[in-house]
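I opened this notebook to keep track of what I looked up. The entries follow the order of my reading.

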Amino acid sequence: MALKLAALCILVAFVAGEPVILKDLAPALADSTVNLAINLYKTMVKDPQLQSENILFSPVVVASSLGVMSMGAGETTARQVKSLLNIPIQDDKLHPAFSELLGEVSNETARNTTWKIGSRLYGPASVSFRDDFVQKSKTHYMHDHSKVNFRDKRSAVQSINEWASKTTQGKLAEVTKEIPSTDGALFINAMYFKPHWDERFHHQMVDKRGFLVSRAHTVSVPMMHRTGLYQYYEDEVNKLQIVEMPLAHNHASMILIMPNHIEPLDRLEKMLTKEQIHSWIGKLKKRAVAISLPKVSVDVSHDLQKHLQELGLTEAVDKGKADFSGITGKKDLHLSNHLHATAIEWDTEGKPFDHDKRTEEEMRSPRLFYADHPFIFLVMDNKTNSILLIGRLIKPTKGGRHDEL
C-alpha cells in the first residue's frame with residue numbers, strides 16, 4: 001500500500017479572482033498535519049492528568065485555529081505560531097491552501113461520513129475585532145467570532161456549551177465546566193465524527209463483552225463483529241497488530257494500532273514517529289480479518305493551551321508579550337485557553353456487503369483483530385493525505401456509566 005503521507009492532491013484556490021494551482025504546496029501541507037499530530041499527541045500523553053484518559057483531537061482542525069492565529073499575529077508571535085505549523089509558505093498562498101483543505105475534508109455529502117466541525121474565537125467584551133480579520137478568518141478557516149463577558153463565568157460557560165451543542169447536533173452537551181482565565185482570547189473547536197464503514201458490521205451480531213481497561217479493571221461494552229478483506233499487518237517484533245478499515249466512498253480510512261496483549265500504551269506511544277507510521281502502512285497487505293470493535297459513543301474535551309505552549313507557543317499566551325494586533329488593531333489580546341472537544345460514535349452503519357468482492361479462498365483462516373483492550377487509532381484522508389483525527393481509546397465508556405464486570 002502506497003504511503004498516505006507523501007503528498008496532497010492538487011489544491012486550487014482563488015486569489016484576486018484568478019485560480020492558482022497549489023500542487024507545489026502538497027508535501028508541506030501533508031507533513032504539517034502529520035508532524036502536528038505526532039508532536040501534540042506525544043506532548044499530551046506526558047500530562048499526568050491524561051495518563052489514564054482517552055485522547056482525541058483533529059490535527060487539521062487544530063492547524064486551522066493556528067492559521068487564524070497566524071493571520072492575526074504580528075512579529076515574534078506570528079513566527080512562533082507558524083513554527084508549529086512548520087510550513088515555509090507565504091500567507092497569500094498558505095491561507096487559501098488551508099481553505100481548500102478544510103473544504104475538501106469536511107464535505108459530508110461527497111464523503112458519506114458525518115463530521116460536524118465548528119470553530120469559534122471568543123474575545124473578552126473589552127476588545128473589538130477588525131472587520132478584515134473577521135472576514136478573512138471566516139473565508140479561509142470557517143472560524144466564527146464572538147465577544148463574551150468572561151467575568152460572568154456562569155453565563156460564559158453556558159453560552160459556550162450551548163454553541164458547541166448546537167454545532168454538534170447535541171452530541172457535545174458540555175465541553176467545559178469552567179473558564180480558568182477571564183481576560184484573554186479563547187479558541188474553541190467542537191466536532192462530532194461518525195464514520196460510515198465501507199462494509200457495515202452485522203447489525204444482529206452485537207453483544208456485551210468485556211473491555212479490559214487494565215488487567216485489574218474490566219468494563220462491559222457492546223461489541224460489534226464482522227469478517228472481511230482488510231489491509232492488515234502483524235508486527236511480530238513489536239508485538240502489535242495494525243488494520244486499516246476503509247470508510248464509505250473510500251475517501252478516508254481508520255487505522256487501528258493495538259498491542260497484542262493487555263498493557264499500558266506508553267510502549268506503543270514511544271514508537272510513534274512519522275517514519276514508523278510510514279513503515280507500518282507500507283507493510284499492510286490485504287487479507288481476511290475478523291474484526292471485533294466496541295460499539296460506543298465517547299466525547300473528549302481538552303484544553304490545548306499548555307500543550308501548545310510546551311511545543312513553543314510561549315509568546316501568544318504571555319499577556320505582556322503577545323501581539324495579536326491583526327485581530328484587534330492593538331496589542332491588547334493574548335491566548336488564554338484553547339478548548340478542543342470531539343464526540344465520536346462507532347456503530348454498525350455502512351455500505352451493504354458485496355459478497356462478489358471476495359472468494360472462498362481469500363476468506364479462509366482470517367486473522368483475529370479483537371479490540372478488547374486499549375489501542376491507538378488514526379483517521380487518514382486518502383484524497384488529501386492528511387491526518388483528520390488521532391486518538392487513543394482507553395475507556396470505551398461515556399462518563400464511566402457502563403456496568404463493571
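Which residues in α2 meet which residues in α4? I found V60, A63, S64, G67, S70 and M71 in α2 meeting H95, F98, L102 and V105 in α4; contact here means heavy atoms within 4.5 Å. I sorted the residues of this contact of α2 with α4 into six nonpolar, four polar and no charged. For that sorting, Ala, Val, Leu, Ile, Met, Phe, Trp, Tyr, Cys and Pro count as nonpolar, Asp, Glu, Lys and Arg as charged, and the others, Gly among them, as polar.

A note on the source. The model is predicted, with local features needing pLDDT of at least 70 and side-chain atom pairs counting only at pLDDT 80 or more, while totals for chains, interfaces and linings use all residues. Residues are numbered from 1 along each chain as its sequence is written, and side-chain values use heavy atoms, with hydrogens and water left out.

Next I looked at the axes. Those of helix α2 (residues 59–72) and α4 come within 11 Å and cross at roughly 150°. The two helices are therefore roughly antiparallel to each other (angles under 35 degrees count as roughly parallel, over 145 as roughly antiparallel, 65 to 115 as roughly perpendicular and the rest as oblique). Axes are lines fitted to C-alpha atoms, for helices over the stretch in contact, and angles run from 0 to 180 degrees between N-to-C directions. Helices are DSSP runs of H or I with at least four residues, strands are runs of E with at least two, and both are numbered from the N terminus.

I then turned to α4 and α6. The axes of helix α4 (residues 91–105) and helix α6 (residues 131–141) come within 7 Å and cross at roughly 45°, so α4 and α6 are oblique to each other. On the α4 side I listed L94, H95, P96, F98, S99 and L102, which meet T139, H140 and Y141 in α6. The residues of this contact are five nonpolar, four polar and no charged.

Core entry. In the largest nonpolar core, of 108 residues, L293, W346 and F375 touch the most other members. Such a core is a set of buried Ala, Val, Leu, Ile, Met, Phe, Trp, Tyr and Cys residues joined through side-chain atoms within 4.5 Å. Helix α1 (residues 26–45) gives the largest share of this core, 10 residues.

Last, I checked T113, in the loop between α5 (108–111) and β4 (114–124). T113 counts as buried because its relative accessibility is 11% (buried means under 20% relative accessible area, exposed over 50%, partly exposed in between, with a 1.4 Å probe and protein chains only).
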